[in-house]
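Notes follow in the order I looked things up.

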Amino acid sequence: MTGTTPGTTPGTPPAEGAPHLTLAEVEALARAAHEGQTDKAGRPYAEHLAAVAEGVRARGGSPDQQAAAWLHDAVEDHALSLGWLESAALPQSVKEMVLAVTKRPGETPEDYTARILATPGALLVKEADLAHNADPARLSVLDEPTRARLTAKYAHVRGLLGL
């Protein structure tokens, strides 16, 4: 999904004072954007988004952090464009958290985690993401080489983040 927020065009921020999308609207948008996508285990990708958003909520995260959780993979997975994010009727803090947790091609884990640590609110979003990604029940359906690779990757990132 690469649409625009009503009243905006890609690359143009919403008008000053324009209402922001509600958390329910962000959830619906994220579900629609990832429609048809599955995770490594073949499950609907929206299940991961819901688990991360719930993980953020359960850890005391703000509504902005919960919105970022719903959108945390949208730009990285090309479900929504960077232009869409820039012009979306979202608080700047949500946009910054989404960009902070978006991996960039060729980026080192050290640079990636430094950006997360430098962005207010992003660490909690990534913590919830890692918790769901490393869930033993979720990993158990993967083949052993994939499970071992991902387990080591998530442990390394958790270490760099001080989690």
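Entry 1: I began with Glu144, which counts as partly exposed at 46% relative accessibility; my cut-offs are under 20% relative accessible area for buried, over 50% for exposed and partly exposed in between, with a 1.4 Å probe and protein chains only. Before going on, I noted that this is a predicted model, where local features need pLDDT of at least 70, side-chain atom pairs count only at pLDDT 80 or more, and totals for chains, interfaces and linings use all residues. Residues are numbered from 1 along each chain as its sequence is written, and side-chain values use heavy atoms, with hydrogens and water left out.

What does the side chain of Glu144 meet in a salt bridge? I found Arg147, at 2.6 Å from N to O. I call it a salt bridge when a side-chain nitrogen of Lys or Arg is within 4 Å of a carboxyl oxygen of Asp or Glu. Both residues sit in helix H9 (residues 144-161), three residues apart, or about one turn of the helix. Arg147 is partly exposed too, with a relative accessible area of 23%.

**Entry 2: Arg43 and Glu47.** Here the side chains make a salt bridge at 2.5 Å, N to O. I have Arg43 down as partly exposed at 44% relative accessibility, and Glu47 as partly exposed at 35%.

**Entry 3: a pair between loops.** Glu76 and Lys103 form a salt bridge, with their closest N and O atoms 3.9 Å apart. Glu76 is in the loop between helix H3 (63-71) and helix H4 (82-87), and Lys103 is in the loop between helix H5 (92-101) and helix H6 (109-118), so this pair ties together parts 27 residues apart in sequence. I looked up the accessibility of each: Glu76 is partly exposed at 24%, and Lys103 is partly exposed at 34%. How many salt bridges does the rule give? I count nine.

**Entry 4: the whole chain.** I read off nine helices and zero strands, taking helices (H or I, at least four residues) and strands (E, at least two) as DSSP runs numbered from the N terminus. Buried residues make up 40% of the 163 residues. For contacts (heavy atoms within 4.5 Å) between residues at least 6 apart in sequence, 64% join residues at least 24 apart. The accessible surface comes to about 8,100 Å² by the Shrake-Rupley method with a 1.4 Å probe, and carbon and sulfur atoms hold 57% of that surface.
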